[in-house]
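Me: I have a new structure open and would like to go through it. Can we start with the surface?

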Amino acid sequence: MADLKRFLIPWIDDIKPYDTDDLLIAWSRPELKRMMINENPLPPSEKVLQAIVEAAKMGNRYPDNGPRLRAKIAKRYDLGPENVYISHGSSEIIDIIMRLFVTPGDEVLLPHPTFSLYGIRAKTCGGKVVPVDMTSDLQYDIPAMLRAVTPRTKLIIICTPNNPTGDFISDEDLMKIVELGIPTLIDEAYLEYHLEHESKAPLLRRYNHLIVAHTFSKAYGMAGIRFGYALGDEKMIQYFRKVQIPWNTSLLSMAAAEAALDEEDELKRKAAYNNAGVDYVCKELSKIPGLKPYSSNGNYVMIDATDAGVTGRAIVDYVFEKDGVMLKAFTPLRGRGGFFRVSLGSHEENSICVQSIKRFFKDHEREKKG
Ligand SMILES: Cc1ncc(COP(=O)(O)O)c(C=O)c1O
(Lines give C-alpha, C1' and ligand atoms only; values in the text may rest on other atoms or scores of the structure.)
Protein backbone atom coordinates (compact mmCIF):
# COMPACT_ATOMS: atom_id res chain seq x y z
CA MET A 1 0.00 0.00 0.00
CA ALA A 2 1.34 3.45 -0.91
CA ASP A 3 1.90 6.02 1.82
CA LEU A 4 -0.61 8.54 0.48
CA LYS A 5 0.38 11.15 3.07
CA ARG A 6 3.67 11.62 1.20
CA PHE A 7 1.71 12.84 -1.82
CA LEU A 8 -1.40 14.47 -0.41
CA ILE A 9 -1.72 18.21 0.18
CA PRO A 10 -0.09 18.76 3.60
CA TRP A 11 -3.21 20.40 5.09
CA ILE A 12 -5.52 17.48 4.21
CA ASP A 13 -6.13 16.65 7.90
CA ASP A 14 -7.41 20.19 8.57
CA ILE A 15 -10.23 19.75 6.06
CA LYS A 16 -13.56 18.50 7.36
CA PRO A 17 -16.12 17.64 4.68
CA TYR A 18 -19.43 19.49 4.75
CA ASP A 19 -21.65 17.41 7.02
CA THR A 20 -24.52 15.82 5.08
CA ASP A 21 -25.39 13.08 7.61
CA ASP A 22 -28.74 14.75 8.30
CA LEU A 23 -29.65 14.47 4.63
CA LEU A 24 -28.84 10.76 4.62
CA ILE A 25 -31.23 10.28 7.54
CA ALA A 26 -33.91 12.51 5.99
CA TRP A 27 -33.87 10.74 2.61
CA SER A 28 -33.98 7.32 4.23
CA ARG A 29 -36.93 8.26 6.46
CA PRO A 30 -39.41 10.36 4.43
CA GLU A 31 -41.78 10.69 7.40
CA LEU A 32 -39.30 13.03 9.16
CA LYS A 33 -39.82 16.80 9.10
CA ARG A 34 -36.81 18.27 7.28
CA MET A 35 -36.34 21.53 9.13
CA MET A 36 -32.55 21.48 9.46
CA ILE A 37 -31.04 22.60 6.16
CA ASN A 38 -32.88 25.69 4.87
CA GLU A 39 -34.78 23.98 2.08
CA ASN A 40 -38.01 25.23 0.53
CA PRO A 41 -40.95 22.94 1.47
CA LEU A 42 -42.82 23.81 -1.77
CA PRO A 43 -41.99 21.71 -4.86
CA PRO A 44 -41.13 23.10 -8.32
CA SER A 45 -44.05 24.36 -10.44
CA GLU A 46 -45.57 22.46 -13.40
CA LYS A 47 -43.91 24.90 -15.82
CA VAL A 48 -40.47 24.23 -14.33
CA LEU A 49 -41.07 20.48 -14.53
CA GLN A 50 -42.17 20.73 -18.17
CA ALA A 51 -39.08 22.79 -19.04
CA ILE A 52 -36.86 20.11 -17.48
CA VAL A 53 -38.55 17.33 -19.47
CA GLU A 54 -38.21 19.35 -22.71
CA ALA A 55 -34.51 20.00 -22.06
CA ALA A 56 -33.90 16.34 -21.26
CA LYS A 57 -34.84 15.48 -24.84
CA MET A 58 -31.56 17.14 -25.90
CA GLY A 59 -29.69 15.36 -23.12
CA ASN A 60 -27.25 13.75 -25.57
CA ARG A 61 -25.73 17.21 -26.26
CA TYR A 62 -23.24 19.23 -24.20
CA PRO A 63 -24.70 22.50 -22.93
CA ASP A 64 -23.32 25.95 -23.78
CA ASN A 65 -22.78 28.45 -20.98
CA GLY A 66 -26.31 29.79 -21.28
CA PRO A 67 -25.92 33.15 -23.09
CA ARG A 68 -29.71 33.64 -23.28
CA LEU A 69 -30.18 32.79 -19.62
CA ARG A 70 -27.26 35.00 -18.60
CA ALA A 71 -28.75 37.89 -20.57
CA LYS A 72 -32.09 37.35 -18.84
CA ILE A 73 -30.45 37.38 -15.40
CA ALA A 74 -28.26 40.37 -16.28
CA LYS A 75 -31.26 42.42 -17.38
CA ARG A 76 -32.72 42.27 -13.88
CA TYR A 77 -29.69 44.13 -12.58
CA ASP A 78 -29.15 46.39 -15.58
CA LEU A 79 -25.92 44.51 -16.32
CA GLY A 80 -24.71 42.59 -19.38
CA PRO A 81 -24.38 38.81 -19.91
CA GLU A 82 -20.60 39.25 -19.54
CA ASN A 83 -21.26 40.15 -15.89
CA VAL A 84 -22.97 36.83 -15.12
CA TYR A 85 -21.46 33.44 -14.29
CA ILE A 86 -23.99 30.60 -14.01
CA SER A 87 -23.21 27.81 -11.59
CA HIS A 88 -24.07 24.49 -10.01
CA GLY A 89 -25.73 26.25 -7.06
CA SER A 90 -23.94 29.05 -5.24
CA SER A 91 -21.70 26.52 -3.46
CA GLU A 92 -19.71 26.39 -6.69
CA ILE A 93 -19.23 30.17 -6.57
CA ILE A 94 -17.94 29.88 -3.00
CA ASP A 95 -15.51 27.22 -4.16
CA ILE A 96 -14.33 29.22 -7.19
CA ILE A 97 -13.55 32.38 -5.24
CA MET A 98 -11.44 30.38 -2.79
CA ARG A 99 -9.50 28.83 -5.67
CA LEU A 100 -9.05 32.26 -7.28
CA PHE A 101 -7.84 34.17 -4.23
CA VAL A 102 -6.62 31.84 -1.50
CA THR A 103 -3.18 30.19 -1.36
CA PRO A 104 -1.85 28.31 1.70
CA GLY A 105 -1.64 30.60 4.72
CA ASP A 106 -3.88 33.32 3.26
CA GLU A 107 -6.70 34.57 5.45
CA VAL A 108 -10.43 34.54 4.80
CA LEU A 109 -12.36 36.89 7.05
CA LEU A 110 -15.95 36.03 7.87
CA PRO A 111 -18.62 36.60 10.52
CA HIS A 112 -19.38 33.96 13.13
CA PRO A 113 -21.79 32.27 12.99
CA THR A 114 -22.35 31.98 9.27
CA PHE A 115 -22.81 29.35 6.54
CA SER A 116 -20.17 26.70 7.30
CA LEU A 117 -19.22 25.98 3.69
CA TYR A 118 -17.19 29.21 3.38
CA GLY A 119 -14.70 27.99 5.99
CA ILE A 120 -14.62 24.47 4.62
CA ARG A 121 -13.78 25.59 1.07
CA ALA A 122 -11.21 28.11 2.35
CA LYS A 123 -9.44 25.33 4.23
CA THR A 124 -9.47 23.14 1.13
CA CYS A 125 -7.12 25.71 -0.42
CA GLY A 126 -4.93 25.77 2.71
CA GLY A 127 -6.48 29.06 3.77
CA LYS A 128 -6.74 30.26 7.35
CA VAL A 129 -10.28 31.07 8.45
CA VAL A 130 -10.59 34.20 10.60
CA PRO A 131 -14.06 34.18 12.19
CA VAL A 132 -15.24 37.36 13.89
CA ASP A 133 -18.04 36.90 16.44
CA MET A 134 -21.19 38.82 15.71
CA THR A 135 -22.34 41.26 18.40
CA SER A 136 -24.51 40.03 21.27
CA ASP A 137 -27.62 41.08 19.31
CA LEU A 138 -26.34 39.05 16.32
CA GLN A 139 -25.31 41.94 14.08
CA TYR A 140 -22.07 42.25 12.11
CA ASP A 141 -19.30 43.52 14.40
CA ILE A 142 -17.69 45.80 11.82
CA PRO A 143 -15.08 47.43 14.10
CA ALA A 144 -13.89 43.93 15.09
CA MET A 145 -13.85 42.81 11.45
CA LEU A 146 -11.81 45.86 10.42
CA ARG A 147 -9.35 45.16 13.25
CA ALA A 148 -8.98 41.55 12.05
CA VAL A 149 -7.78 42.57 8.57
CA THR A 150 -4.08 41.80 7.95
CA PRO A 151 -1.81 41.92 4.88
CA ARG A 152 -2.74 38.25 4.36
CA THR A 153 -6.50 38.89 4.17
CA LYS A 154 -7.37 37.79 0.64
CA LEU A 155 -11.11 37.50 0.88
CA ILE A 156 -13.98 38.79 3.01
CA ILE A 157 -17.37 37.10 3.24
CA ILE A 158 -20.56 39.07 3.77
CA CYS A 159 -23.70 36.95 3.86
CA THR A 160 -26.81 39.16 3.77
CA PRO A 161 -29.20 38.24 5.21
CA ASN A 162 -26.79 36.12 7.16
CA ASN A 163 -27.43 32.41 7.67
CA PRO A 164 -28.26 31.58 10.49
CA THR A 165 -28.78 34.97 12.17
CA GLY A 166 -31.29 36.35 9.65
CA ASP A 167 -30.56 40.06 9.46
CA PHE A 168 -29.24 42.17 6.57
CA ILE A 169 -25.99 44.07 6.97
CA SER A 170 -26.61 47.83 6.95
CA ASP A 171 -25.43 49.82 3.92
CA GLU A 172 -23.15 51.89 6.14
CA ASP A 173 -21.45 48.80 7.56
CA LEU A 174 -21.19 47.14 4.18
CA MET A 175 -19.46 50.18 2.68
CA LYS A 176 -16.82 50.12 5.42
CA ILE A 177 -15.90 46.61 4.21
CA VAL A 178 -16.23 47.44 0.50
CA GLU A 179 -13.96 50.49 0.80
CA LEU A 180 -11.11 48.23 1.98
CA GLY A 181 -10.65 47.15 -1.65
CA ILE A 182 -10.21 43.48 -0.65
CA PRO A 183 -12.07 40.85 -2.73
CA THR A 184 -15.45 40.47 -1.06
CA LEU A 185 -18.24 37.97 -1.61
CA ILE A 186 -21.69 39.41 -0.99
CA ASP A 187 -23.81 36.29 -0.65
CA GLU A 188 -27.48 37.14 -1.26
CA ALA A 189 -28.70 33.52 -1.13
CA TYR A 190 -31.91 34.48 0.71
CA LEU A 191 -32.62 37.87 -0.85
CA GLU A 192 -35.54 36.67 -2.97
CA TYR A 193 -37.60 36.15 0.19
CA HIS A 194 -37.67 39.94 0.46
CA LEU A 195 -37.73 41.39 -3.01
CA GLU A 196 -38.49 44.82 -1.54
CA HIS A 197 -34.90 44.79 -0.28
CA GLU A 198 -32.50 45.81 -3.03
CA SER A 199 -29.59 43.69 -4.21
CA LYS A 200 -26.09 45.09 -3.76
CA ALA A 201 -25.39 44.33 -7.44
CA PRO A 202 -25.34 48.05 -8.46
CA LEU A 203 -22.07 48.34 -6.49
CA LEU A 204 -20.44 46.19 -9.17
CA ARG A 205 -20.39 49.18 -11.52
CA ARG A 206 -18.03 51.03 -9.17
CA TYR A 207 -16.08 48.20 -7.53
CA ASN A 208 -14.33 45.44 -9.49
CA HIS A 209 -13.38 43.48 -6.36
CA LEU A 210 -16.92 42.44 -5.43
CA ILE A 211 -18.80 39.26 -6.28
CA VAL A 212 -22.55 39.06 -5.66
CA ALA A 213 -23.87 35.47 -5.40
CA HIS A 214 -27.43 34.20 -5.81
CA THR A 215 -29.00 30.77 -5.69
CA PHE A 216 -32.20 29.12 -6.87
CA SER A 217 -32.03 26.71 -3.90
CA LYS A 218 -33.96 28.92 -1.48
CA ALA A 219 -36.94 31.11 -2.45
CA TYR A 220 -37.13 29.54 -5.93
CA GLY A 221 -37.21 26.12 -4.24
CA MET A 222 -34.78 24.29 -6.54
CA ALA A 223 -32.08 22.99 -4.15
CA GLY A 224 -32.06 19.54 -5.74
CA ILE A 225 -32.00 20.92 -9.27
CA ARG A 226 -28.82 22.94 -8.54
CA PHE A 227 -28.59 26.39 -10.04
CA GLY A 228 -27.02 29.65 -8.94
CA TYR A 229 -25.16 32.61 -10.39
CA ALA A 230 -22.45 35.12 -9.63
CA LEU A 231 -22.50 38.75 -10.73
CA GLY A 232 -19.25 40.64 -11.13
CA ASP A 233 -17.12 42.93 -13.22
CA GLU A 234 -16.46 41.45 -16.68
CA LYS A 235 -12.81 40.76 -15.80
CA MET A 236 -13.82 39.01 -12.58
CA ILE A 237 -16.21 36.75 -14.50
CA GLN A 238 -13.40 35.96 -16.96
CA TYR A 239 -11.27 34.83 -14.00
CA PHE A 240 -14.14 32.60 -12.91
CA ARG A 241 -14.15 31.03 -16.38
CA LYS A 242 -10.44 30.24 -16.18
CA VAL A 243 -10.89 27.91 -13.20
CA GLN A 244 -14.40 26.59 -13.84
CA ILE A 245 -15.24 23.04 -14.83
CA PRO A 246 -16.87 23.09 -18.28
CA TRP A 247 -20.57 22.18 -18.52
CA ASN A 248 -21.02 22.96 -14.83
CA THR A 249 -24.71 23.70 -15.27
CA SER A 250 -26.74 20.98 -16.94
CA LEU A 251 -29.24 21.64 -19.71
CA LEU A 252 -31.91 20.56 -17.23
CA SER A 253 -30.97 23.03 -14.50
CA MET A 254 -30.64 25.91 -16.99
CA ALA A 255 -34.06 25.16 -18.46
CA ALA A 256 -35.55 24.99 -14.96
CA ALA A 257 -33.96 28.31 -13.98
CA GLU A 258 -35.16 30.03 -17.14
CA ALA A 259 -38.71 28.81 -16.57
CA ALA A 260 -38.60 29.88 -12.92
CA LEU A 261 -37.41 33.37 -13.85
CA ASP A 262 -40.54 33.78 -15.97
CA GLU A 263 -42.83 32.90 -13.07
CA GLU A 264 -42.61 35.95 -10.87
CA ASP A 265 -45.94 35.29 -9.16
CA GLU A 266 -44.81 31.82 -8.20
CA LEU A 267 -41.70 33.26 -6.56
CA LYS A 268 -43.82 35.80 -4.67
CA ARG A 269 -46.20 33.03 -3.56
CA LYS A 270 -43.31 30.96 -2.24
CA ALA A 271 -41.76 33.93 -0.46
CA ALA A 272 -45.09 34.91 1.14
CA TYR A 273 -45.66 31.32 2.30
CA ASN A 274 -42.24 31.27 3.93
CA ASN A 275 -42.53 34.70 5.49
CA ALA A 276 -45.88 33.81 7.08
CA GLY A 277 -44.15 30.74 8.57
CA VAL A 278 -41.31 32.86 9.94
CA ASP A 279 -43.80 35.21 11.63
CA TYR A 280 -45.75 32.29 13.08
CA VAL A 281 -42.69 30.52 14.51
CA CYS A 282 -41.26 33.76 15.97
CA LYS A 283 -44.61 34.72 17.51
CA GLU A 284 -45.30 31.31 19.05
CA LEU A 285 -41.80 30.66 20.36
CA SER A 286 -41.43 34.11 21.88
CA LYS A 287 -44.35 33.14 24.20
CA ILE A 288 -42.06 30.63 25.93
CA PRO A 289 -40.29 32.34 28.87
CA GLY A 290 -36.54 32.65 28.29
CA LEU A 291 -36.71 31.70 24.60
CA LYS A 292 -35.55 34.35 22.14
CA PRO A 293 -36.25 33.87 18.43
CA TYR A 294 -34.35 36.32 16.19
CA SER A 295 -36.63 37.72 13.51
CA SER A 296 -35.32 36.58 10.14
CA ASN A 297 -35.35 37.62 6.49
CA GLY A 298 -34.45 34.10 5.36
CA ASN A 299 -36.21 30.72 5.49
CA TYR A 300 -34.89 29.96 8.97
CA VAL A 301 -35.14 31.32 12.49
CA MET A 302 -32.25 31.38 14.97
CA ILE A 303 -33.38 30.89 18.55
CA ASP A 304 -31.50 31.34 21.81
CA ALA A 305 -32.73 29.19 24.71
CA THR A 306 -29.88 30.09 27.09
CA ASP A 307 -32.06 32.23 29.37
CA ALA A 308 -34.51 29.34 29.67
CA GLY A 309 -31.65 27.33 31.18
CA VAL A 310 -31.37 24.71 28.42
CA THR A 311 -29.01 23.98 25.55
CA GLY A 312 -29.99 24.12 21.91
CA ARG A 313 -28.79 20.53 21.60
CA ALA A 314 -31.27 19.32 24.29
CA ILE A 315 -34.21 20.84 22.37
CA VAL A 316 -33.02 19.54 19.00
CA ASP A 317 -32.60 16.00 20.37
CA TYR A 318 -36.02 16.08 22.08
CA VAL A 319 -38.04 17.21 19.06
CA PHE A 320 -36.27 14.67 16.86
CA GLU A 321 -36.91 11.76 19.21
CA LYS A 322 -40.49 12.68 20.16
CA ASP A 323 -41.86 14.10 16.91
CA GLY A 324 -39.39 13.35 14.11
CA VAL A 325 -38.59 17.04 13.64
CA MET A 326 -35.05 17.65 12.40
CA LEU A 327 -33.53 20.97 13.55
CA LYS A 328 -29.96 22.24 13.84
CA ALA A 329 -28.09 22.97 17.09
CA PHE A 330 -25.20 25.45 17.23
CA THR A 331 -22.00 25.49 19.24
CA PRO A 332 -21.91 28.15 21.99
CA LEU A 333 -21.71 31.76 20.88
CA ARG A 334 -20.35 34.42 23.25
CA GLY A 335 -20.63 31.88 26.06
CA ARG A 336 -24.29 31.15 25.35
CA GLY A 337 -25.08 27.49 24.67
CA GLY A 338 -28.77 27.78 23.86
CA PHE A 339 -28.65 28.43 20.12
CA PHE A 340 -30.59 26.33 17.64
CA ARG A 341 -32.15 26.99 14.23
CA VAL A 342 -35.53 26.13 12.77
CA SER A 343 -35.65 25.96 8.96
CA LEU A 344 -39.20 26.67 7.91
CA GLY A 345 -41.25 23.72 6.69
CA SER A 346 -44.84 23.50 5.49
CA HIS A 347 -47.35 25.31 7.74
CA GLU A 348 -48.31 21.91 9.17
CA GLU A 349 -44.68 21.03 9.92
CA ASN A 350 -44.10 24.45 11.51
CA SER A 351 -47.04 23.82 13.80
CA ILE A 352 -45.80 20.32 14.75
CA CYS A 353 -42.37 21.80 15.48
CA VAL A 354 -43.74 24.61 17.65
CA GLN A 355 -45.97 22.19 19.63
CA SER A 356 -43.03 19.87 20.13
CA ILE A 357 -40.81 22.67 21.47
CA LYS A 358 -43.64 23.77 23.79
CA ARG A 359 -43.94 20.19 25.06
CA PHE A 360 -40.19 20.10 25.66
CA PHE A 361 -40.52 23.06 28.01
CA LYS A 362 -43.54 21.56 29.82
CA ASP A 363 -41.56 18.34 30.41
CA HIS A 364 -38.53 20.37 31.43
CA GLU A 365 -40.57 22.31 34.03
CA ARG A 366 -42.03 19.05 35.35
CA GLU A 367 -38.56 17.51 35.69
CA LYS A 368 -37.25 20.60 37.48
CA LYS A 369 -40.11 20.43 40.00
CA GLY A 370 -40.08 16.66 40.44
C1 LIG B 1 -25.69 31.61 2.75
C2 LIG B 1 -25.69 30.46 1.82
N3 LIG B 1 -25.02 30.56 0.66
C4 LIG B 1 -24.99 29.55 -0.20
C5 LIG B 1 -25.64 28.36 0.07
C6 LIG B 1 -25.48 27.24 -0.91
O7 LIG B 1 -26.58 26.97 -1.60
P8 LIG B 1 -26.57 26.26 -3.02
O9 LIG B 1 -25.23 25.68 -3.30
O10 LIG B 1 -27.62 25.22 -2.90
O11 LIG B 1 -26.89 27.34 -3.98
C12 LIG B 1 -26.35 28.21 1.25
C13 LIG B 1 -27.04 26.96 1.59
O14 LIG B 1 -27.60 26.74 2.62
C15 LIG B 1 -26.37 29.29 2.16
O16 LIG B 1 -27.01 29.22 3.33
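Reply: The accessible surface of the protein comes to about 17700 Å², and 54% of that belongs to carbon and sulfur atoms. Areas come from the Shrake-Rupley method with a 1.4 Å probe. This is a predicted model, where local features need pLDDT of at least 70, side-chain atom pairs count only at pLDDT 80 or more, and totals for chains, interfaces and linings use all residues. Residues are numbered from 1 along each chain as its sequence is written, and side-chain values use heavy atoms, leaving out hydrogens and water.

Me: What share of the 370 residues is buried?

Reply: Buried residues (under 20% relative accessible area, 1.4 Å probe, protein chains only) make up 53% of the 370.

Me: And which residues touch the most others in the largest nonpolar core?

Reply: Ile 73, Met 98 and Leu 231, in a core of 77 residues. A nonpolar core is a set of buried Ala, Val, Leu, Ile, Met, Phe, Trp, Tyr and Cys residues joined through side-chain atoms within 4.5 Å. Helix α9 (residues 251-262) gives the most to this core, with seven residues; a helix here is a DSSP run of H or I, at least four residues, numbered from the N terminus.

Me: What does Met 98 touch, leaving out residues up to four places away in sequence?

Reply: Its partners include Val 108, Tyr 118, Arg 121 and Leu 155, with contact meaning heavy atoms within 4.5 Å.

Technical notes. Buried means under 20% relative accessible area, exposed over 50%, partly exposed in between (1.4 Å probe, protein chains only). Helices (H or I, at least four residues) and strands (E, at least two) are DSSP runs, numbered from the N terminus.
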